[in-house]
Amino acid sequence: MNFYRQHVFFCCNQRDSGKTCCNDHGASGLREYAKNRVKELGLSGKGKVRVNMAGCLDRCEQGPVLVVYPEETWYTYIDREDIDEIISEHLQQGRIVERLKI
Ligand code: FES
């Protein structure tokens, strides 16, 4: 068995150079929201789901981005509703959210 069933990496990179970055689109706050929701729903922990921060994932122009492993599914998102949909559809039901996929 894998230590985690799924791993969700949020790019939370912050740049001060003026170049686009995920954190300018609320990545850190929405990662915190996702982490809390996953916990509240009883999805977190060993054998379940882990939500982690990541540095730049090199898809900055499509950001903010997150990636779910082991499916290797990349998403972009705007708000809490998008995060809720990724959690309920992908993490709970195993269905890819096509409208947010990149
Ligand atoms: S800053 Fe997020 S992918 Fe590069």
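Here is a quick tour of the aromatic rings and the nonpolar core in this structure. Keep in mind that the model is predicted. The count of aromatic pairs comes to three, and the largest nonpolar core has 26 residues.

**Aromatic pairs**

- Take Phe3 and Tyr4 to begin with: their ring centres are 5.0 Å apart and the planes sit at 90°, so this pair is edge-to-face.
- Phe3 counts as exposed, at 53% relative accessibility, while Tyr4 comes in at 21% and counts as partly exposed.
- Phe9 and Tyr69 also make an edge-to-face pair, with 6.1 Å from centre to centre and 70° between the planes.
- That pair ties together distant parts of the chain, as Phe9 is in strand 1 (residues 6-11) and Tyr69 is in strand 3 (residues 65-69), 60 residues apart.
- Phe9 is partly exposed at 24% relative accessibility, and Tyr69 is partly exposed too, with a relative accessible area of 33%.

**A charge over a ring**

- Arg59 has its charged end over the ring of Trp74, 4.7 Å from the ring's centre.

**The nonpolar core**

- Within the largest core, the residues with the most contacts are Val8, Phe10, Leu66 and Ile83.
- At least two core residues come from each of strand 1, helix 1 (27-40), strand 2 (49-54), strand 3, strand 4 (73-76) and helix 2 (80-93).
- Helix 1 gives the largest share, five residues.
- Setting aside neighbours within four places in sequence, Phe10 touches a list of residues that includes Ala27, Leu30, Val51, Met53, Leu66, Tyr77 and Ile83.

Conventions. Residues numbered from 1 in each chain as written. Predicted model: local features only at pLDDT ≥ 70, side-chain atom pairs only at ≥ 80, totals over all residues. Heavy atoms only, no water. Phe/Tyr/Trp six-rings, centres within 6.5 Å; stacked < 30°, edge-to-face > 60°. Buried < 20%, exposed > 50% of the residue type's maximum accessible area, 1.4 Å probe, protein only. Helix = DSSP H or I, 4+ residues; strand = E, 2+ residues; numbered from the N terminus. Lys NZ or Arg CZ within 6 Å of the ring centre and 35° of its normal. Core = buried A, V, L, I, M, F, W, Y, C linked by side-chain atoms within 4.5 Å. Contact = heavy atoms within 4.5 Å.
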